[in-house]
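Below are notes on the model, as numbered points. Please read them beside the coordinates.

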Amino acid sequence: DRLDPEALGRVVRTDGSLEPAELSLELADCLAVAGPWGQSFPEPLFDNRFAIEDARSVGGDHVKLVLRHTAGGYPLEAIAFYRRQGEFEAPSVRLLYHLAVNEYQGRRSPQLVVRHVLP
């Protein structure tokens, strides 16, 4: 009775798409400090189509991706948690994702955190 009926549906709202130049470490850093994110203030969720350059399983049930925005730009790393590599066999894919900072061995780079894979 107290739950908004929209919350029961399969509607996912996004903050729109990002251009290739916007998929940057600078924007990822800004988003990281803009929180805190929570139930009434969700982390920005973006929507774009990407060409898949590489997809490999990691950690058993996750997929590490190398993507390229369909409008161009540099290759981007992405991680899709609890997904199968078979979901990424098409030449391109539409993703709903968060833009985050990946820190590994002293190197910082933008990384897409995949939340939904759309046909």
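1. In the residue classes used here, Ala, Val, Leu, Ile, Met, Phe, Trp, Tyr, Cys and Pro count as nonpolar, Asp, Glu, Lys and Arg as charged, and the others, Gly among them, as polar. By that division, the lining of the largest pocket has three nonpolar residues, one polar and three charged. The lining consists of Asp 4, Glu 6, Ala 7, Gly 9, Val 11, Val 12 and Arg 13. The space in the largest pocket is about 160 Å³. A pocket is an open set of points on a 1 Å grid over the protein atoms alone where a 1.4 Å probe fits, with protein on both sides within 12 Å along at least five of seven lines; lining residues have an atom within 4 Å of a point. Grid points are joined across faces, edges and corners, and the volume is the space filled by probe spheres set on the points.

2. The model is predicted: local features need pLDDT of at least 70, side-chain atom pairs count only at pLDDT 80 or more, and totals for chains, interfaces and linings use all residues. Residues are numbered from 1 along each chain as its sequence is written, and side-chain values use heavy atoms, with hydrogens and water left out.

3. Five strands close into a barrel, in the order E1-E2-E3-E5-E4, with mixed pairing. From one strand to the next the twist averages 45 degrees. Helices (H or I, at least four residues) and strands (E, at least two) are DSSP runs numbered from the N terminus, and two strands pair if DSSP finds at least two bridges between them. Axes are lines fitted to C-alpha atoms, for helices over the stretch in contact, and angles run from 0 to 180 degrees between N-to-C directions.

4. Strand E1 (residues 46–58) is antiparallel to strand E4 (residues 92–104), with six bridges; Phe 46 has Tyr 97 of E4 as its bridge partner. E1 also runs antiparallel to strand E2 (residues 62–69), through eight bridges, and Phe 50 is partnered by His 69 of E2. Three residues separate E1 and E2 in their hairpin, where Gly 59 has a positive phi near 60 degrees.

5. Which way do strands E3 (residues 76–81) and E5 (residues 107–118) run, parallel or antiparallel? They are parallel, joined by four bridges. The bridge partners in E5 include Gln 111 for Glu 77 and Val 114 for Ala 80.

6. Helix H2 (residues 25–33) packs on the sheet and touches E1, E4 and E5, its direction making about 75 degrees with that of E4. Contact means heavy atoms within 4.5 Å.

7. E4 and E5 are antiparallel over eleven bridges, and Arg 94 has Leu 118 of E5 as bridge partner. Their hairpin has two residues between the strands, and Gln 105 in the turn shows a positive phi of about 50 degrees.

8. Arg 94 also forms a salt bridge with Asp 47, the closest N and O atoms being 2.6 Å apart. Arg 94 is in strand E4 and Asp 47 in strand E1, so this pair ties together parts 47 residues apart in sequence. The structure holds seven salt bridges (a side-chain nitrogen of Lys or Arg within 4 Å of a carboxyl oxygen of Asp or Glu).

9. Two backbone details deserve a check. Most residues other than glycine have a negative phi, and most peptide bonds are trans. Tyr 82, in the loop between E3 and E4, has a positive phi near 55 degrees. The Gly 35 to Pro 36 peptide bond is cis, with omega near 15 degrees; Pro 36 is in the loop between H2 and E1.
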